[in-house]
Amino acid sequence: MIQENNYMVNDLAAKGKQEFFPGQVLTCTQHNHDFLFACDNGVQLRLHVINDKILRFRYATEVGFATDFSYAVPADIPRQSPEFLEFREKPDHYRITTDRLICTIAKENLRVRVLDRSGNVLTADEKGFHWEYDDETGNDIVKMSKQVQSGVHYYGLGDKPDNMNLRGKRFTNWGTDTYGYTKGSDPLYKNIPFYLELQQKIAHGIFFDNTFKASFDFAAERADVTSFWAQGGEMNYYFIYGPSLMEVTEEYTRLTCPPELPPLWALGYHQCKWSYFPESNFRDIAKGFRDRKIPCDALYLDIDYMDGYRCFTWSPTHFPDPKTMVRELAEDGFKTVVIIDPGIKIDSAYPVYTEALEKDYFCRRADGPLMKGSVWPGLCNFPDYTRPDVREWWAGLFKGLIQEDGVRGVWNDMNEPAVFEKGTFPDDVRFDYDGHSASHRKAHNIYGMQMARATAEGVKRFSYPNRPFTITRSTYAGGQRYSSGWTGDNIASWEHLWLANIQCQRLSISGFSFIGSDVGGFIDTPDGELYARWMALAAFHPFFRTHSSGDHGEQEPWSFGDATTDLARRFVELRYRLLPYMYTTFWQYVKKGTPMLRPLTFLDQTDTETYLRMAEFGLGDHLLICPITQAGADGRWMYLPRGDWFYYWTDELKQGGAEVWASAPLDRIPLFVQAGAVLPMYPVLQYVGEKKVTELTLHVYFKNGLQTSVLYDDGGEGYGYQDGQSTTRRFTVRGTETGLTLTQETEGEYQPSFGTYQLVLHGLPFPLTTATADGVATDSTKVAAEAGEALPGLVVPAGFRELVIG
């Protein structure tokens, strides 16, 4: 140690800003699917082969590995083992081979390459793993840099409000209450460190499971390098092979676990505002929907329903008898959803506060004082949701709202966590982190997720036998298990309509499909045209809610004049008719991790025309949507994936692999149906369960060839589906120039309410002269269609097996 200019210089100071790298590999040991590589300078790599397509890489510096713990990847979920695994040592590297991948680890410096079995390089380290010591925090800033492969494109990373393709951009994950964000704002509310990479028409993904503030550089600083790093914790990432983009997202979503099925009503239309009060106003909003015959299932109460913004209370002035109000609204089909924020008002007469204080449930600063910050109630303390006992306590608090008052859903806000003036908690706030003590630097990005987890546990417990519904603003990877979400405090502008389309697609391919935006914008007030165009888009988003700030005017569907009211009703009705399709798409998400919203690239990654386009997206297997995001437009050019597509509004058949013009005055959104699809539809309902659906409409779109569709049903409520009370129906269309055969295969025990199908036949290239269902002649009819011209139709038993049309 020396003294220079009155400053002490030692080893730690010398390490400042210096990068360190792995040394020479000395040993490699294998235990089943785990491989441990040890270097001469103490660096270690633990490579875990999860299955044939997923490799996990954990690096340790000289301090060794911390306890293996993740909020994103549940440890108790059974995983499929690799079908084939081979390990070989070569002169200068080690090679691990699975049924789908080849992974090499260089002996000189631990650098990694992953190839497919055909020898295509999927990813290759540039510097690879390296780190920098942070003498301010004592953490290692862990870094990974990789070579940019030829023709590469990047997608994913959650709610980033930017172009779909991330190449050339840099982003940070640090959940932030970004009021009135714009295109390019970063960071935002959600922290999902997962991205997809497409190169040479082959896809893989990287999931960087590190909860510290993390950054991602997609060839922004250097065109030939992509990198990611975090301000502490481990370099711990998963390589996820496709080879299709869809498979990458499915594998990632299954790794972090999809949600359970929601109640069907949660896929209906929701209306929200800051703030509906007093009770008479709230009831008037409900009456406004029913009087105008605009379908609606859920009404929301923002912070003004509480007594002085105290969570789990009701304002005795605004809502003197909440139980009666909620019950009477429920009798008219409305489910009441209330907001709950994390800030608990410091008030010695407030039982929630005094109980948490007595049991020491609040977060503390490093030296012991309680974390104190101002939010809506004034000065507050904040629960440590990373403690299991605190989550259990928090869940129990919902008994009054859910079980006693009849509230059906809970909305978590301000949970980044947000604090007025300061932004968020100071770095020195301490968390239990489920027994792995941590500072706010490590816990910040999972705070909202763990609040949503505790909320979901409570709502589920007290909603039983009904299914729960929750929504959150902030989350981390895996947060889809606990909640739906929305894209935060957006603005009433055409740019934000464009952003809503991009953000919802991006979140969907990042494992979080149950997503939507504040229709019309939270900030400022849209005109009728913008509101109508936003309603048209949001009708195809899994979470469908209008929400606005109380100080920016009215934003109910009837607030913009009769013409806009009619347009809003038209799109909400279309959403309700599509509920069986939407619910089936959600079931696919739950069962396989399949994203509900699918960017154009996901529909055909072999077509390079799709790589930079971002307006068009698929919903489920058979619908293609492209919103109008410019004022005064009466249509737009859009790209159709290869194959044949029917324009929903006119039944005009278009060939894909090309740009087409989609005429779309205000009463339309560009919407195409894939040839061969069987599209199920309900009659128009004012709310889910309004009436018994005795007949389901199946719109059958002709295809000269073969196409399969699926319809899932379990009644949309309760947990009978977990005991086999569900039905999956698979329809296969086989079409020729002179005939069409439709077959149905049914699995499951659930008996739906409908006993017949009304079939509507689109695009038949021949006149319908004969039709037999399971050998029995069936009379045809004419059915009114969107295009205005009547189409041939049939009514057949819901249990038919084969329908032959000629």
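Which residues in helix 9 meet which residues in helix 10?

1. The model is predicted, with local features requiring pLDDT of at least 70 and side-chain atom pairs counting only at pLDDT 80 or more, while totals for chains, interfaces and linings use all residues. Residues are numbered from 1 along each chain as its sequence is written, and side-chain values use heavy atoms, leaving out hydrogens and water.

2. On the opening question, Trp494, His496, Leu497, Ala500 and Asn501 in helix 9 meet Glu529, Leu530, Arg533, Trp534 and Leu537 in helix 10, where contact means heavy atoms within 4.5 Å. By class, this contact has 6 nonpolar, 2 polar and 2 charged residues (Ala, Val, Leu, Ile, Met, Phe, Trp, Tyr, Cys and Pro count as nonpolar, Asp, Glu, Lys and Arg as charged, and the others, Gly among them, as polar).

3. The axes of helix 9 (residues 494-509) and helix 10 (residues 528-538) come within 10 Å and cross at roughly 5°, and the two helices are therefore roughly parallel to each other. Axes are lines fitted to C-alpha atoms, for helices over the stretch in contact, with angles running from 0 to 180 degrees between N-to-C directions; angles under 35 degrees count as roughly parallel, over 145 as roughly antiparallel, 65 to 115 as roughly perpendicular and the rest as oblique. Helices (H or I, at least four residues) and strands (E, at least two) are DSSP runs, numbered from the N terminus.

4. Helix 10 also packs against helix 11 (residues 562-577), their axes coming within 9 Å and crossing at roughly 5°, so that this pair too is roughly parallel. Gly528, Tyr531, Ala532, Met535, Ala536 and Ala538 of helix 10 make the contact with Thr564, Leu567, Ala568, Phe571, Val572 and Arg575 of helix 11, a set with 9 nonpolar, 2 polar and 1 charged residues.

5. The domain assignment, whose bounds come from an automatic or database source, gives domain 1 (25-256), domain 2 (265-343 + 385-592), domain 3 (602-671) and domain 4 (692-805). The centres of domain 1 and domain 3, taken over C-alpha atoms, are 34 Å apart, and their contact takes 15 residues from domain 1 and 7 residues from domain 3.

6. Domain 1 and domain 3 bury about 990 Å² between them, 67% of it on carbon and sulfur atoms, buried area being the accessible area (1.4 Å probe) that two parts lose on being put together, summed over both. In domain 1, Lys201, Leu245 and Met246 lose the most area to domain 3, together 44% of what that side buries.
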